[in-house]
Amino acid sequence: MLGLAVSPLLAVFAAVDLAIAATPIISAVGSKFFTSNGDQFYIKGIAYQLIPKDPLIDTDQCKRDAKQMQDLGANAIRVYHVDPTADHKGCMDAFADVGIYLFVDLDDFPTQIQPTTPSWNPSQLAAFSAVLDEFQKYDNTAGVFVGNEVLTTGSTMTYHGGQEHRTDQLTAETSGAAPYVKAAVRDIKAYRDSKNYRKIPIGYSAADVPGLRPMLQNYLACGDNDAERAEFYSLNVYEWCGESSYDGSGYSQLEKNATGYNVPIFVSETGCREPRPRLFGDQASIFGQDMAGTWSGAIVYEWIQEANDYGLISYGPMVNPNVSTDALDGYPRSGTPTTVSPDYGNLKSQWATLSPSGVKLSVYSASASITPPACPTSTEGGWIVNGNAPLPSVGQTLDSAATASSAASTPTGSAAQASASATGGGATTGNKEITRMVVCLLGVMLGFVTYL
């Protein structure tokens with residue numbers, strides 16, 4: 001494979017819109033995010049999914065939460081599920097007014113790429129594109145995900161020495177889904193550019209599966225064809241729990257794997273819930289000298305207190321969900337945010353002392369040299385994808401017999417057939433996604449939230 005050296009970074013530098021705007025836009029340039037003012041952007045984010053279908057439609061609630069997030073020190077939110085037909089202007093403006101950006105997932109439970117029976121079909125492409133159509137309107141849309149934890153078989157939670165640990169298992173069946181994630185990146189990039197939208201960064205949020213390191217992150221960013229490469233990569237990491245350390249948590253290995261990476265990389269979920277209290281000690285490494293030269297920040301899980309017990313705020317005491325239509329699982333979903341102590345204060349204190357300045361775009365673009373990583377090769381019993389094989393086209397599904405020799409398989413023959421293989425529940429990691437799915441089902445049963 002021929003490396004792509006860019007010095008200066010003329011191609012990506014040209015993608016940055018330097019027009020003065022009320023809200024500076026975020027662009028991916030080389031291995032970093034920059035604002036249109038030329039400053040490097042580090043994510044101090046919060047996972048924000050108050051209700052199953054779309055938390056960005058209640059303007060008054062967004063204003064209350066935005067004000068509280070400003071107090072916390074956040075500058076970004078991650079939203080997992082949205083309704084592209086809804087009106088989001090009120091909420092997007094509310095967050096923009098306090099300098100908060102959005103990273104939004106393009107998929108939903110019915111449209112996500114499946115781990116063991118992956119496909120990338122016209123229905124999925126249309127659904128992803130609809131979300132992009134809606135959120136490209138807003139200057140504070142910072143990036144979009146084409147998938148969340150597609151490559152994982154699930155996990156088990158254990159407690160070692162009073163600390164929470166997650167054990168993930170990788171199989172050949174799930175690593176075979178990687179080409180479909182990369183195909184989604186390719187086609188959403190092409191759609192974005194065909195519509196002359198600004199170059200909102202397009203990437204992926206991965207489960208932190210040791211058996212995938214560093215093959216998946218390298219695969220999504222490798223190759224000579226820029227049109228197929230992801231524009232950022234992120235990891236959901238729950239390794240630094242309690243009184244841990246840079247080396248003891250395994251973060252030093254994450255940094256080693258990311259050194260020299262050619263696109264921005266950040267933590268898209270973090271924040272062990274055990275042992276209590278939550279200390280968020282990893283933030284000092286992510287935003288400090290250990291990792292800030294390579295990583296672009298972190299998103300902490302999560303804003304609202306619910307059954308999974310990760311919340312930084314609550315909206316009041318638990319209520320009977322059969323009586324209150326505002327509490328799917330007994331936890332109110334709107335109101336005045338009340339901080340969860342001491343977790344909220346611990347995170348606020350961490351972020352208050354961590355403000356890396358990074359590098360100016362003008363300096364970075366004149367000096368950086370970016371080369372994509374080599375595409376990974378297949379290994380028996382683990383990563384099975386030939387990184388140099390052609391990507392699947394829209395409408396192809398996985399042929400289990402086509403492993404290392406090819407990334408794609410036989411066309412399904414129709415969009416309807418391809419769509420049928422893309423329904424059902426997706427891969428989940430830990431208890432967080434399971435809780436979101438249960439909340440969705442409860443919402444349907446109560447008759448006021450519809451998922452499908």
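Helices and strands here are DSSP runs, numbered from the N terminus. That numbering matters for the loops I will name. And keep in mind that this is a predicted model.

Start with the overall layout. The chain has 13 helices and 16 strands. Of its 452 residues, 58% are buried. Take the contacts with a separation of 6 or more: 77% of them link residues 24 or more positions apart.

The largest nonpolar core has 89 residues. Tyr48, Leu56, Leu151, Leu216 and Trp303 have the most contacts inside it. Helix H6, residues 178–194, gives this core its largest share, seven residues. There is also a second, separate core of 19 residues. Among its members are Ile43, Ala142, Phe145 and Cys241.

Next, the backbone. Most peptide bonds are trans, and most residues other than glycine have a negative phi. Which residues does a cis peptide bond join? Pro214 sits in the loop between strand E10 and helix H7. Arg276 and Pro277 are also joined by a cis bond, with omega about -5°.

Stay with Pro277. Its loop runs between strand E12 (265–270) and helix H9 (282–286). Phe280 is in the loop between E12 and H9 too. Phe280 is not a glycine, yet its phi is positive, about 55°. Is Phe280 buried or exposed? Its relative accessible area is 6%, so Phe280 is buried; the cut-off is under 20%.

Last, Asp309. Its phi is about 70°, again positive and again not a glycine. Asp309 lies between strands E13 and E14, in the loop. At 29% relative accessible area, Asp309 is partly exposed.

Terms used. Residues are numbered from 1 along each chain as its sequence is written. This is a predicted model: local features need pLDDT of at least 70, side-chain atom pairs count only at pLDDT 80 or more; totals for chains, interfaces and linings use all residues. Side-chain values use heavy atoms; hydrogens and water are left out. A nonpolar core is a set of buried Ala, Val, Leu, Ile, Met, Phe, Trp, Tyr and Cys residues joined through side-chain atoms within 4.5 Å. Buried means under 20% relative accessible area, exposed over 50%, partly exposed in between (1.4 Å probe, protein chains only). Helices (H or I, at least four residues) and strands (E, at least two) are DSSP runs, numbered from the N terminus. Contact means heavy atoms within 4.5 Å.
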